[in-house]
Amino acid sequence: MPAQVLTSVVDGLMLGFVYGVAAMGMTLIWGVMRVINLSHGPLIALGMFGTYFLFTGLGLNPYLGLLLIAVVGLVAGFVIYGVAVHRVINAPYLSSLLATFAVSMMIIGVGTAALSTSPFNVDFSLGSVAAGPLTIPGTRLMAAFAAVLVAGLLYLFLYRTKPGKAIRAVSNNRGAAELMGIPSSRVLALSFGIGTMLAGLAGGLIATFFPFTILSGETYQLKSFVIGVLGGLGNPIGALVGGLVLGLLEGIIPAFMPVSWVPVIEFALFVLVLLIRPTGLLGGRA
Amino acid sequence: MRKIAVLGLVLLVVSLTIVACGGAPAATQPGAAPAAGQAAAKTGGEKTVTIGFTTSQTGSANLESGRQTNGFKLWLDEINAKGGLKLADGTTLKFASKSYDDESKKDRVQELYTKLVNDDKADFLISPYSSGLADAVAVIAEQYGRVMITAGASSDSTHDKGYSLVYMSYTPASRYLTGALDLLAKLDPNAKKVAIINEKDKFSTDVVTAAKAYAEGKGYQIVTFEGYDTGATDFAPYINKIPAGVDAVIGGGHFADGSTFARQLLEKGIKAKFIALLVAPPEPKFAELGDAALGVIGPSQWEPLAKYSAEGAKAAGVEYYGPKLEDFVTEYKGKYTEEPSYHAAGGYAAGLLLQKAIETAGSTDTQKVKAALDKMDLMTFFGRTKFDTSEKTHGLQLGHDMVYIQWQKGADGKLTKQVVWPEAGKSASALYPAR
Amino acid sequence: MKVGNVGAVRPAASAAVPSIPARFWQRVSFWVTLAVVALLGAVAIVSQRDTLREAMFTLLMFASLASSLNILLGYTGYVSFGHIVFFGLGGYSGFYFISKQGWSIYPSLIVGGLVASVIALLIGLSILRLRGAYFALATIGILEAARAFVANFGPFGGSTGLSINFSVYRQYGGPAQALWTSFYIMWVITFIVVIVSFYIKSSRFGLGLLSIREDEDAALVMGVNAPRWKTLAYVVSAFFPGVIGTLYFFKNGNVEPADAFRLQMSIETIVMVMLGGQGTVLGPILGAATYDRLRSYLLTSDLFKNLHLAVAGLALLLIVLFVPAGVVGWLRGRFAQLRRVLE
C-alpha cells in the first residue's frame, strides 16, 4: 500500500508541473487585464497539435518544437487580443468572457472540421526511468523539467526585464501605470501573447504523453481555474505551486476512495477556497 | 400609435422568420418523401425506401461510428448496384439513405431522428453508434412507429424498457467479457486476482456489472473495481490502484480510451498475465500501439477470420443469407482500402438484416417487417441472428456470439490479430502469460 | 423598410410619447412578449407537424432557460456560468420520482423546481457574497462538482443515470401523445416564466434587483436588503430550470450526468440572453429563438455542417464587439420611443 501511494503521489506531482504551466497563462491574463480567458482550453489543444504536426510532419524533436510553438503562440495571442479582446477590455467583464468564448467556439469549430475529433497521438518515447517501486515515463520527467524551466524564465522576465516590470505595473494598477507613461495597450497585448504562449507550451508538453483531440483543452482549462484560485488568481508563479498542490491531491485522494471522487473534491475545494480566501491560498497578484 | 403598429410588424416578421427557419428544410424537399411511405401499397414498378440514421462525424465515437457508416454504405451501394430488391409482388425496391452528424452527443440526436422520420420520411432507422445514443433514439423509433435495427449498441438495458420495434444486431453487453473469463479459466486454473477498470458509460458499465458477477460466481477475487469518465486520457491513477501480483486486467470502454489505457499499462510496467479490453483491440488501428498491443485480448462481434458459412448454417439448421464472408471482406477492402472491423461489418449487417426482413415480409409496412424480424432466425457473414420476442426484453439479440481476438507476433515479427476463443473457431492458441 | 421610417421620425415621436401613461406602455410590452411566445407555440400546434413541434420544444426550452437566467444575470447583474446545474439537479430529482417512485409528471415537475430552488438557496447564501468574475468562477466550480457528484451517487444511477420504462407513457395516452403533452407543458412553462419575469421587473423587488446591478454598495446604503434580495432572485431563477430539466428528461426517457450538467449549454444560455438583450423580458426569448434556429440550421445544412460552431462563434464575436447590448438593447438605444415598449 505505501508503495502504491508513493507511485500515485509522484505521478500526481509530475503532472502537477504541467498543470502549473497551463494555469500560469490563464492567471497571468487574469491578473493583468481581469479577463477570464475562455479560449485558454482550445489554445492548449492547439499547442498539442503544434507538437503533433512538427513531430509527425517535420520530424522535429518535440522539445525543439516547443520553441516554435512559443513564437507562434505569442503572435497568435497578439492577434486574438487585437481582434477579440481589445475592444471589450473596458466593457463589463461579461463581454470579455463572451468574446473569448466566441474565439474558443471558432477554434473548436474550425479544428473539428479540419482535424475531426478522433484522438491524435504523438508517437514519441523516451523510455521509462525505474527506481524502486516507481516507474516514470521519460516524457513526463522532461515535461516536469521543462515546466520548471518555463516558470523560471517567466519569473526572470517579470521581475528582471523592463517589459516584465511594465506588465506587473499594469497588473497592480492600470490607471497609475498609464500615468507613469507605460503604454498599457501594448502591455496588455504582450500579456495576452505570453498567456497564449504558455497555453501552447503546456499543450505541447502534454501531447508528448497523452493522446488528444481539439476538445482536450477543456479539462486543463477547468483545472487552470482551480489552480489559479489555489495559487492566487493573477499570480503566475503561484500557479506552479497551485499545480503541484492539485497534482498532489490527485495522487493522494485515490488512495482513500474511488478515483471518480477526485473531481468532486477538487471542485468543492475550489469553491471553498473562493469563498474563504478569494485571493488564493498563496495570496496576492504578481 | 403608428409606432406600435410598426413595432408589432417588426416582431411579427422576426417571429415568422424564426418559424420559417424551423420549417425550411422540410419545405425544400416535398417531392422525394411521400413515394417511399406508400411503396407497399402499390404493386409493380420501382419504389425507393429511405433508411435514416445519424453518424458521429465528430466527438469521441467518431472512429467506430465512421466504420459503421462505411459498412452500411457498402451494403447500400451493393444492393442498388444489383438493381435493388425484388419483392414477391413484383415491386422493385431501391434504397436511399439520409443521415446527419450527431456529434457523439445525445442532446440533438432525438431531434435529428424526429426530423429523419418526419421530414426525410425515413421508412426504417438504423441506430447511431454507442449505447447511450441508441438508447435515446429508441424512444423516437417507438414514438413514431419505425422499425430500428441497432448496430454498434449493445446495452441490455435498452431492451428492458418495453420497446417493441427496436432490434439489436450485436451480442448484448452482458456477454462481452464472460467468454474472456472462460478463456482465462481454461488457460490458468490458478489465476485468482482480477482487476476491473472500465469506462463509466452505459455500455461498459453493463459489461462489467455482468462480468463482475460472473467472475465472482466463478470464485475470482475482484481486487480493483474502478470506473473512469468518457474521454479520459490519464489512466495512471487507476493503474496505480492495481495491486502487485494481479492475474488479469479486464475492462476498457471504447477505442480512444481503450488504446490509451493499453499503452499506459505497458508504460507503467504492469505485469498482468491476461489483459482483455472492450472495443479497442479488434479495431485494426490498435496494432499501431506496437508492444502495448501485444497479448491484449478483445471481445469482437465479428472478425474477418470468423468462419460463418452456408455449410455452418446448414449444420445449425438455419438459412444462410447474403454475401459470403470472404466476399464482404474483399468488397470492403476494395472500397475503403482497409481491413473491415466488426463495427464496419455491423453496419453492413444492419442493412442486410433489414433487407431480409423486407424481403420476407414482401412489404415495407412496419408491422409486417416487424413480424418478419420477430420470426427471423438465420446466419449471415456476420453470424447467427435471432431476436428475443418476449414482452419484457423484446428485441434483445439471442443468436449472435462473440469471438475473442488477441494480438500476437507473427513469424515475421509483425503484430497480427488471431482468434483465440471460442475453442471451435480459433485460429491460434492464446499467448499466455501475455507479458 | 419600416424600421427606417421609425428612425426618420424619431425626434417628433419621442416628444409625443409622454402624453401616454407609462403603465399603458408596460402593458403593451407585456402583451407583445406574450404574443411572441404564443405565436412560437401556435405554429407547431396549427401545423401538427412533429418536426416543427420538436424544433419549437427545443426553442421554447432555451427561451425559458434564458429568461430565468435573465432574472439573475439581466436584472441582478450576477453572471452565473453554471446555471445549468439547476437544470441538472432539479431535473434529476424530478425524474427520480417519475422513474423510481412511479409519480406522474405533474407533481414531479414541481418537485424538480423546488429541489432546484432549495439547493439554490443553500448555495446562494454562501456564493452570492462573491462579486463579478469570482462569482462566475464559483458557479463553474459548483457545476463541475455537482456533475462529478451525481456520477458517483447511487440513487441517481451513478454514471449511467436513470431511465423510465416505455409503458409509463401509456398513462399519457401513448408515446406519441406524451410528446404533445410535453410540448404543451413546455409552452405553459414559457408563459409562466415570461409572466414572472414581467412581474418581478415591474415590482419593488425588481427595482431592488436593478439597483443591485447598477451599484450594489449604493443599493445597500439606500436600504435595499441586497443579500436577501439577490438570494431570492437566485432561488427564483433556479426554480424554472429544475422544472424544465424534469420535463426534458421525461420526454427523453432517460438522463445521464454528461447530458444534465453541460458547461457548454450553460454558456450558450448566456449567449442567448446577451444576443437578445440582458435585462429585458423580450430579449432572452428572441435571443434564444435566434441562436437555437441558427445553430440548428447550420447543423443540418450541407454547406456549414462541419463549421457550424465556427460560424456561430463568429456571429457571437461580432455581437459582443459591435452590439453588446443585444438586439433588444440595440433597438432600445437606437429608437428611444421603443424603450417603453420593449421591457
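Gln48(C) counts as exposed, with 9 C-beta neighbours inside 10 Å. In this predicted model, Gln48(C) also has a positive phi, near 60 degrees, in a residue other than glycine. Gln48(C) sits in the loop between helix H3 (22–47) and helix H4 (50–76) of chain C. Val279(B) also has a positive phi, about 60 degrees, although it is not a glycine, but Val279(B) counts as buried.

**Backbone geometry**

- Most residues other than glycine have a negative phi, and most peptide bonds are trans. The residues in this group depart from one or the other pattern.
- Val279(B) lies in the loop between strand E10 (274–277) and strand E11 (296–300) of chain B.
- Val279(B) has 32 C-beta neighbours inside 10 Å, so it counts as buried; the cut-off for that class is 20 or more.
- Gln48(C) has 9 such neighbours, so it falls in the exposed class, which takes 12 or fewer.
- The peptide bond from Trp421(B) to Pro422(B) is cis, with omega near 5 degrees. Pro422(B) belongs to the segment after strand E16 (415–421) of chain B.
- A cis peptide bond also runs from Tyr432(B) to Pro433(B), with omega near -5 degrees. Pro433(B) is likewise placed in the segment after E16 of chain B.

**Chain A against chain C**

- Here 36 residues of chain A are in contact with 35 residues of chain C.
- On the chain A side, helix H4 (93–115), helix H9 (217–231) and helix H11 (262–276) each supply at least two residues.
- H4(A) gives the most to that side, with 16 residues.
- The chain A side divides into 30 nonpolar, 4 polar and 2 charged residues.

**Chain A against chain B**

- In this pairing, 21 residues of chain A are in contact with 19 residues of chain B.
- Helix H1 (2–33) and strand E2 (134–137) of chain A each supply at least two residues of the chain A side.
- H1(A) provides the largest share of that side, 4 residues.
- The chain A side here splits into 8 nonpolar, 11 polar and 2 charged residues.

**Nonpolar core**

- In soluble globular proteins, nonpolar side chains tend to be buried together.
- The largest nonpolar core has 353 residues. Val18(A), Ala102(A) and Ala202(A) have the most contacts inside it.
- H1(A) gives the most to this core, with 17 residues.
- Domain 1 (32–171 + 307–386) and domain 2 (175–300 + 402–425) of chain B both give residues to the core, so the core lies between them.
- Leaving aside residues up to four places away in sequence, Ala202(A) touches Val18(A), Val21(A), Ala22(A), Ile44(A), Gly47(A) and Tyr220(A).

**Phe49(A)**

- Phe49(A) lies in helix H2 (residues 40–58) of chain A.
- Phe49(A) has 23 other C-beta atoms within 10 Å, so it is buried.
- Phe49(A) and Asn121(A) are 72 residues apart along the chain. Their C-alpha atoms are separated by 9.5 Å.

**Domains of chain B**

- The domain assignment gives chain B a domain 1 (32–171 + 307–386) and a domain 2 (175–300 + 402–425).
- The centres of the two domains, taken over C-alpha atoms, are separated by 30 Å.
- The contact between them takes 18 residues from domain 1 and 17 residues from domain 2.
- Helix H3 (62–81) and helix H5 (131–143) of chain B each supply at least two residues of the domain 1 side.
- H5(B) gives the largest share of the domain 1 side, 3 residues.
- The domain 1 side divides into 3 nonpolar, 9 polar and 6 charged residues.

**Helix H14 of chain C**

- Helix H14 of chain C covers residues 282–300, which is 19 residues.
- At 1.5 Å a residue, H14(C) should span 27 Å. The end C-alpha atoms are 27 Å apart, which agrees.
- H14(C) is mostly covered, with 15 of its 19 residues buried.

Technical notes:
Residues are numbered from 1 along each chain as its sequence is written. Chains are lettered from A and ligands numbered from 1 in the order in which they are written. This is a predicted model: local features need pLDDT of at least 70, side-chain atom pairs count only at pLDDT 80 or more; totals for chains, interfaces and linings use all residues. Two residues are in contact if their C-beta atoms, placed from the backbone, lie within 7 Å. Ala, Val, Leu, Ile, Met, Phe, Trp, Tyr, Cys and Pro count as nonpolar, Asp, Glu, Lys and Arg as charged, and the others, Gly among them, as polar. A nonpolar core is a set of buried Ala, Val, Leu, Ile, Met, Phe, Trp, Tyr and Cys residues joined through C-beta atoms within 7 Å. Domain bounds come from an automatic or database domain assignment. The expected span of a helix is 1.5 Å times one less than its number of residues.
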